[in-house]
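Subject: Structure handover

Hello,

Here is the structure I promised to pass on. My notes follow below it.

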Amino acid sequence: MSATADHAESNLAVRLGFQPEQVVQEIGYDDDVDQELREAIEKTIGSELVDEDYDDVADAVVLWFREDDGDLTDALVDAIAYMEEGGSILLLTPKTGRDGYVEPSEIGEASTTAGLSAAKSVSAGKDWTASRLSTPKAAKKR
């Protein structure tokens, strides 16, 4: 990392939990996603994000989800199926006031129903909020 802008960009990806050499699957890509965040993640992991057609397990999943994308619980359960045991899901939803905004209570309920625990939400760009979801620590130890 040389330029401070590059450092700050990839720092967001690192703060969101991404690490070099991870396989990260992206679900829910559309024209409205944050390209700078995608590039920061790719720079951090050292490769491109794999898409929904990837036929192996991933270390992490980036899930772009908008209110009209269907049932969030179903989307999370589907995302878990793509993930390596102990992996995490970065759920990205539009910020308050943006088209497709998802209520935090819906995220909490869907996460719990899918068997995931949610960390505090953080800003992930101009239009998106990120929630890092993972399997409970007790489940990882089994």
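From the N terminus on, the order of elements is α-β-α-β-α-β-α-β-β-β-α. That gives five helices and six strands. Helices (H or I, at least four residues) and strands (E, at least two) are DSSP runs, numbered from the N terminus.

Before you dig in: this is a predicted model, where local features need pLDDT of at least 70, side-chain atom pairs count only at pLDDT 80 or more, and totals for chains, interfaces and linings use all residues. Residues are numbered from 1 along each chain as its sequence is written, and side-chain values use heavy atoms, with hydrogens and water left out.

Core

Of the 142 residues in the chain, 40% are buried. Buried means under 20% relative accessible area, exposed over 50%, and partly exposed in between (1.4 Å probe, protein chains only). The largest nonpolar core holds 19 residues. Such a core is a set of buried Ala, Val, Leu, Ile, Met, Phe, Trp, Tyr and Cys residues joined through side-chain atoms within 4.5 Å. F18, L37, I41 and L92 have the most contacts inside the largest one. Helix 1 (4–15), helix 2 (35–45), strand 2 (58–64), strand 3 and strand 6 (128–134) each supply at least two residues of this core. Helix 2 gives the most, with four residues.

Salt bridges

There are four salt bridges (a side-chain nitrogen of Lys or Arg within 4 Å of a carboxyl oxygen of Asp or Glu).

- R38 pairs with E26, closest N and O atoms 2.7 Å apart. This links helix 2 to strand 1 (residues 24–27), 12 residues apart. R38 is buried at 14% relative accessible area, and E26 is buried at 7%.
- D127 pairs with R98, also with a closest N and O distance of 2.7 Å. D127 sits in the loop between strand 5 (122–123) and strand 6, R98 in the loop between strand 3 and helix 4, 29 residues apart. Salt bridges that share partners also join D32, R66 and D69 into one network.
- R66 meets D69 at 2.9 Å, N to O. R66 is buried at 7%, whereas D69 is partly exposed at 39%.

Surface charge

E67, D68, D71, D74, D78, D99, E103, E106 and E109 gather in a negative patch on the surface. Helix 3 (72–81) and helix 4 (104–113) each give two or more residues to this patch. Patch residues have over 30% relative accessible area and no salt bridge, with like charges joined within 9 Å. D99 lies in the loop between strand 3 (83–94) and helix 4. D99 counts as exposed, because its relative accessibility is 76%.

Best wishes

Methods. Patches are made of residues with over 30% relative accessible area and no salt bridge: like charges are joined within 9 Å, nonpolar side chains (Val, Leu, Ile, Met, Phe, Trp, Tyr) within 5 Å. Accessible areas come from the Shrake-Rupley method with a 1.4 Å probe; for residues, only the protein chains shown count as cover. Lys and Arg count as positive and Asp and Glu as negative; His and the chain ends are not counted. The place of a charge is taken as NZ of Lys, CZ of Arg, CG of Asp or CD of Glu.
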